[in-house]
Amino acid sequence: MVRMPASRPAESRPYHHGDLRSTLLAGAERTLREKGTGALSLRELAREAGVSHAAPGRHFKDKQALLDALALVGYDRLGQALSAADDPALPLERRLTVLARAYLAFSIDNAELLELMYARKHEPDASEQMAAAVDRTVGSLERVIADAQERGEIVAGDPQHLTLLTGATLQGIASFAAGGMLAPQAALDGIEEFVHLLLHGLKPR
């Protein structure tokens, strides 16, 4: 009788991996999308990657460090999406429209990741990286608003506060789309009207 080789016990799994950090982050994002942060486990991710349960510790000291790294991945993607969409040569209303649409498209496709990005709980060690990531994304919109203020295209005031109000409204639309209260395509189609009302208000003209 031919004996099948016994499965290798978890403790004898290899410690090294070609690119374990990227593999763990990809697995973590998949779990986040399918089951939420509560289901994330470094031990389970190690099992899926085929490495020892101690191997992830070389890259992430604990689950929170993994979540912080995943949030930074999200900020990188959002930054790339906003950068690709932005065109300083466009008139203000059109420029804000394409930026808002890019943000909304990202939020619809990455609702769980965006929630993690905006979570207030982060490791102190990640605070500087997180602040830089926010500056590359939310900060880019704040700079657009500040520049428009200097040209007299937007009312005077704290650009950070105006950006917060704009972002909160846009995030509300994204939340409606993620929760099924608004069809994603309808949300995207309505961005032009949103920006128009943002700039001109609701008063009759």
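Author: In this predicted model, helices are DSSP runs of H or I with at least four residues, numbered from the N terminus.

Reader: Where is A54 placed?

Author: Helix α2 covers 42–49 and helix α3 covers 63–85. The place of A54 is in the loop between α2 and α3.

Reader: Is A54 buried, exposed or partly exposed?

Author: Buried means under 20% relative accessible area, and exposed means over 50%. A54 has 39% relative accessibility, so A54 counts as partly exposed.

Reader: How far apart in space are A54 and L42, C-alpha to C-alpha?

Author: In sequence, A54 and L42 are twelve residues apart. In space, the C-alpha to C-alpha distance between them is 8.9 Å.

Reader: Are α3 and α4 roughly parallel or roughly antiparallel?

Author: Two packed helices are described by the angle between their axes and the distance between the axes. The axes of α3 and α4 (residues 92–109) come within 9 Å and cross at roughly 150°. Angles over 145 degrees count as roughly antiparallel. The two helices α3 and α4 are therefore roughly antiparallel.

Reader: Is the crossing of α7 and α9 left-handed or right-handed?

Author: Helix α7 (residues 159–178) and helix α9 (residues 191–200) have axes that come within 12 Å and cross at roughly 155°. That makes α7 roughly antiparallel to α9. As for handedness, the crossing of α7 and α9 is right-handed.

Reader: Which residues make the nonpolar surface patch of about 200 Å²?

Author: One member, V138, lies in helix α6 (residues 127–150). V138 has a relative accessible area of 33% and is partly exposed. The patch is made by Y118, V134 and V138.

Notes: Residues are numbered from 1 along each chain as its sequence is written. This is a predicted model: local features need pLDDT of at least 70, side-chain atom pairs count only at pLDDT 80 or more; totals for chains, interfaces and linings use all residues. Side-chain values use heavy atoms; hydrogens and water are left out. Patches are made of residues with over 30% relative accessible area and no salt bridge: like charges are joined within 9 Å, nonpolar side chains (Val, Leu, Ile, Met, Phe, Trp, Tyr) within 5 Å. Accessible areas come from the Shrake-Rupley method with a 1.4 Å probe; for residues, only the protein chains shown count as cover. A salt bridge is a side-chain nitrogen of Lys or Arg within 4 Å of a carboxyl oxygen of Asp or Glu. Buried means under 20% relative accessible area, exposed over 50%, partly exposed in between (1.4 Å probe, protein chains only). Axes are lines fitted to C-alpha atoms, for helices over the stretch in contact, and angles run from 0 to 180 degrees between N-to-C directions. Angles under 35 degrees count as roughly parallel, over 145 as roughly antiparallel, 65 to 115 as roughly perpendicular and the rest as oblique. A crossing is left-handed if the near helix is turned anticlockwise from the far one by less than a right angle, and right-handed if clockwise.
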